[in-house]
Amino acid sequence: MLVYIALLSLITIAMVNALIPLSRSFATLRATQDIHAAAGTSLERMIRDIRASGSISAGSTFDISPGGLVLISGATTTEFFLQNNILMLKQNGVPVGPLSN
């Protein structure tokens, strides 16, 4: 009887030790998927606004880091810029907020 309890304890410990790294891998995978989804959403918004715009403003800066993109579409001005490594959006000079979390 004591041998069975010891064997069951060893099997349980082995299973728990196998599940801990598995849960860490799942958390890492989930974070990576969230990053990819946020990047895809941000790029889709930028592409849609670029296609809809009539021109690029002279206020756009491409030769320095971080640069900025200012699009003009009729009476609407849309600005994409980085603030603390977060992609931000302004429309007609009013901050809309971050494009991703």
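Contact here means heavy atoms within 4.5 Å.

## What you're looking at

This is a predicted model, where local features need pLDDT of at least 70 and side-chain atom pairs count only at pLDDT 80 or more, while totals for chains, interfaces and linings use all residues. Residues are numbered from 1 along each chain as its sequence is written, and side-chain values use heavy atoms, with hydrogens and water left out.

## Overall layout

The protein chain has one helix and five strands; helices (H or I, at least four residues) and strands (E, at least two) are DSSP runs, numbered from the N terminus. Reading from the N terminus, the order is α-β-β-β-β-β. The radius of gyration of the protein chain is 25 Å, well over the 13 Å from the globule rule for 101 residues, so the chain is more spread out than a compact globule. That radius is taken over C-alpha atoms, and the rule is 2.2 Å times the number of residues to the power 0.38.

Along its principal axes, the C-alpha trace spans about 85 × 25 × 20 Å. Of the 101 residues, 18% count as buried; buried means under 20% relative accessible area, exposed means over 50%, and partly exposed is in between (1.4 Å probe, protein chains only). The chain exposes about 7800 Å², with carbon and sulfur atoms supplying 65% of it. Those areas come from the Shrake-Rupley method with a 1.4 Å probe, and for residues only the protein chains shown count as cover. Among contacts with a separation of 6 or more, residues 24 or more positions apart account for 15%.

## Helix α1

How does the span of α1 check out? For a sense of scale inside the helix, take Met-46, which lies in α1: its C-alpha atom is separated by 57 Å from that of Leu-8, 38 residues away along the chain.

The buried residues of α1 are Ser-42, Met-46 and Asp-49, and they pack against β2 (68-73), β3 (76-83) and β4 (86-91). Met-46 has a relative accessible area of 19%, so it counts as buried. Not counting residues up to four places away in sequence, Met-46 touches Leu-69, Phe-80, Leu-87 and Leu-99.

## A nonpolar patch

Met-15 also belongs to α1, which covers residues 2-52, but Met-15 counts as exposed because its relative accessibility is 52%. Together with Leu-7 and Ile-11, Met-15 forms a nonpolar patch on the surface, with about 300 Å² of accessible area between them.

Patches are made of residues with over 30% relative accessible area and no salt bridge; like charges are joined within 9 Å, nonpolar side chains (Val, Leu, Ile, Met, Phe, Trp, Tyr) within 5 Å. A salt bridge is a side-chain nitrogen of Lys or Arg within 4 Å of a carboxyl oxygen of Asp or Glu.

Thr-78 sits in strand β3 and is buried, with a relative accessible area of 8%. Leaving aside neighbours within four places in sequence, Thr-78 is in contact with Asp-49, Leu-69, Val-70, Leu-71, Leu-89, Lys-90 and Gln-91.

Leu-82 is in strand β3 too, but counts as partly exposed at 41% relative accessibility. With neighbours within four places again set aside, Leu-82 is in contact with Pro-66, Gly-67 and Leu-87. The C-alpha atoms of Leu-82 and Ile-72 are 10 residues apart along the chain and separated by 19 Å.
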